[in-house]
Amino acid sequence: MSIKTEDRIFRLDNKYFSYILYADKQNILRHLYYGNPLNDFEVDDLTYIARDWSNTYYNANEEKEHIYEDNYNSMASHVEVASDGNNDKKGSTICIHQKDGSFYTDFRYESYRIYQGAPKSDVLPYIHSKDCESIEFTLRDILSHAKMLLTFTIHEDSPVITRSTELFNDSDDSIDLNRIMSLTLDLSNTELDLFNFHGDWALERFVERTKVPHGTTVISSRYGRSSHVENPFCILATPNSNENYGECYGFNLLWSGNFRFEVTKGRYQDIRVNYGIEDTNFSYLLKPNESIELPQAIFSYSSNGLNHLSQSFHDFIRNHIVPEGCFGKYRPIIFNSWEGCFMDFTTDSIINYMNSAKEIGAELFVLDDGWFGHRNDDTSSLGDWYVNTKKIDLKKVIDHCHNIGMKFGLWFEPEMINADSDLYKAHPEYVLGHRMSEMCLGRHQFVLDTANDNAVTDVVKQVNSILDTYDIDYVKWDNNREVSDNFSQYLNRDRQESVDYLMTLGTYRMYREIVESHPSIFFEGCASGGGKFDLGVLRYFPQIWCSDETDPVQRLYIQYGTGYGYPLSTISSHVSKCPVTSYQSKSNIAFFGTYGYEFNPTKLTDSEKEELKENASRYHRIHQDVILEGDMYRLSSPFDSNYFCEFSVSKNKDKALLLFANILKEGNYYRFVKLPGLDPDKMYINSYDNKVRSGNYYANVGMNFIRWLNEFDTILVEFEEVKE
Ligand code: GLA
């Protein structure tokens, strides 16, 4: 890995890519190259643009026209920071509403520094890493004099680049910031497909592939969270690319609030990506001596197709995003009470659940919604984080759980508040929104104004008090509605247009103050299922409940789509009571995620119990190395075919697991599934026909699943190295 500079050319290289920038003679930070490692090049080649009418400028002092140096063309050149002051109309990185009333924004390069390590933040989630190198550029706006620190961080062992941005006001006047993107990337490709991951509640992250059209295409969320509707993870890929072939670029953001992924195909047929916080209805008043930090963008390039791109993100998220120490740690099999009894439980019924859950191999019992305030349905008590002692003896339940050898987890929804709560009665100003006759509700609840420091402090105190009083091993952190009524009763007039940004910061403060003061507790994120499946959340909570949809067939699609950007170790998935498939198929599907249970365990038949116990022993045998820590390959997409097929191989290539799921009933067709990723020279026994074959054979011939397959039949095959 290296970051080198010579003659104002800056090279970021490792074995996966070269990324090259140039501070030109006008002090514009130009983007020269991003792709496979490059040996030699000439600036002139990479900047050349046929001369046209945007190659010149007029110097008013000299009253003379000049030709820009270094082939700069104010309409077409590729840049790192696109400004709103010139002919470049492909979308700016930053826009300042200047004191003179104009939007003339123009950032020029001043200096750089190279250092070991990566930028950190006190307010935002950031990548953690011991072994990386960064280059920080300083740029300054001509009119406002705002100072931008733009930092790129690279690792030896990863194709992923991190880009961090901070804007300072070291002038005497405030600066009115209208837009600031975390990433601008100019690509010389003229044809690309866009993959976005869209959906709705219980239908999250469905894969959509479309050709990037001329003009600007926007994937965004204005729901106050990353949302069910779109996901911050996006891909651009050459039109002929597939899982194993072709150039592709992936993008994600360490952010959980509103975001905007903007892709513009311009008049020169090249493509620009602008990516960051949503700028609609956004502005930020940067007072003298203040700074604003923007979410880190991570992006990656693969010349070998989408599987490789996904694997790069999976490794990066496991190594540098989820909390340090989580990756590689054993995760107990979770049993969650929600779909079994919802809020209808007593101390005794929960104890019965625990006993039955233990029998099928569950190792951590989660008491979901309904244990606090006076909550028996979803109309009350959010905000009152104290035990409903009339309903449940929490200490007795926890002691029982620990006595039978299980860990214990509890559900919270700290960012929300019901009108029917003590907190609301005492502090109606904690609610986001105008206090008018009509205030939007979602699931009967308001959104807590997390831009309000007092609201955050109060709720953190309550949650921490429960976590300090009771012996709790796990927390499920829910978030069950979208943000609306974007008005903070706490903020001054000049901060209202930053409310989403400030609320997201407030939420991160809650995460930090609760998570960091309880390092031994394992946290799982949730937002009506997967409404907040993003890197900001994953920085604090290593896994996220992937969807409220537990129908295993629907889950095939949801988990498949989620896996493009996120490792299986983050995709929380449970076997539920949904009757559309056998328990065996449900377990097989949940296995390609974190694995757990969610039904009434006291109602299982003996044979169902046996099936589930068998899965628990498979979990111990293979899940950690292969699913949580291995390399996952997508082999067949349920979006494009009748089959879902994923294959995951342990890092040391001694074990692997294949899931093949058939959707509609089908006859005796040839179904050869070729298996990449095994060691070609090793021999492996497979649990389908118990034959021993080499990795080479599995890669080139594969498994033939020729047989009759009914709807929703699944085949799970284990592979294990056979040593001589
Ligand atoms: C959300 C979650 C569910 C469950 C309920 C409880 O919908 O996604 O798993 O926790 O809330 O109210």
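A: The distance is 2.7 Å, from an oxygen atom of the ligand to an N or O atom in the K476 side chain. This is a predicted model, where local features need pLDDT of at least 70, side-chain atom pairs need pLDDT 80 or more, and totals for chains, interfaces and linings use all residues. Residues are numbered from 1 along each chain as its sequence is written, and side-chain values use heavy atoms, without hydrogens or water.

The D369 side chain places a polar atom 2.6 Å from a ligand oxygen. For D368, the distance from an N or O atom of the side chain to an oxygen atom of the ligand is 2.7 Å. Taken alone, the ligand exposes 310 Å² (Shrake-Rupley, 1.4 Å probe). The protein buries 96% of that area.

Now the shell. It holds 13 residues (a heavy atom within 4 Å of the ligand). D368, D369, R443, K476 and D548 are the closest. By class, the shell has 6 charged, 4 nonpolar and 3 polar residues. Asp, Glu, Lys and Arg count as charged; Ala, Val, Leu, Ile, Met, Phe, Trp, Tyr, Cys and Pro as nonpolar; the others, Gly among them, as polar.

Next, helix α10, residues 552-562. Helices here are DSSP runs of H or I with at least four residues, and strands are E runs of at least two. D551 caps the N-terminal end of α10. One of its side-chain oxygens lies 2.8 Å from the backbone nitrogen of V553. α10 is largely enclosed by the rest of the structure, because 10 of its 11 residues are buried (under 20% relative accessible area, 1.4 Å probe). Among them are R555, Y557, Q559 and Y560.

A cavity is a set of points on a 1 Å grid where a 1.4 Å probe fits but cannot get out, and lining residues have an atom within 4 Å of a point. P552, R555 and Q559 are among the residues lining this cavity, as are H574, K586 and I589. α10, β31 (575-576) and α11 (583-591) each supply at least two lining residues. That lining divides into 4 nonpolar, 5 polar and 2 charged residues.

How does this fit the wider model? The whole structure has 5 cavities of 30 Å³ or more.

A pocket is an open set of grid points with protein on both sides within 12 Å along at least five of seven lines. The largest pocket has a volume of about 870 Å³. Of its 41 lining residues, P323, E324, C326, P519 and Y540 are closest to the centre. The lining comprises 22 nonpolar, 10 charged and 9 polar residues.

Key
Buried < 20%, exposed > 50% of the residue type's maximum accessible area, 1.4 Å probe, protein only. Polar contact = N/O pair within 3.5 Å; in protein donor to acceptor, adjacent residues only side chain to side chain. Points joined across faces, edges and corners; volume = space filled by probe spheres on them.
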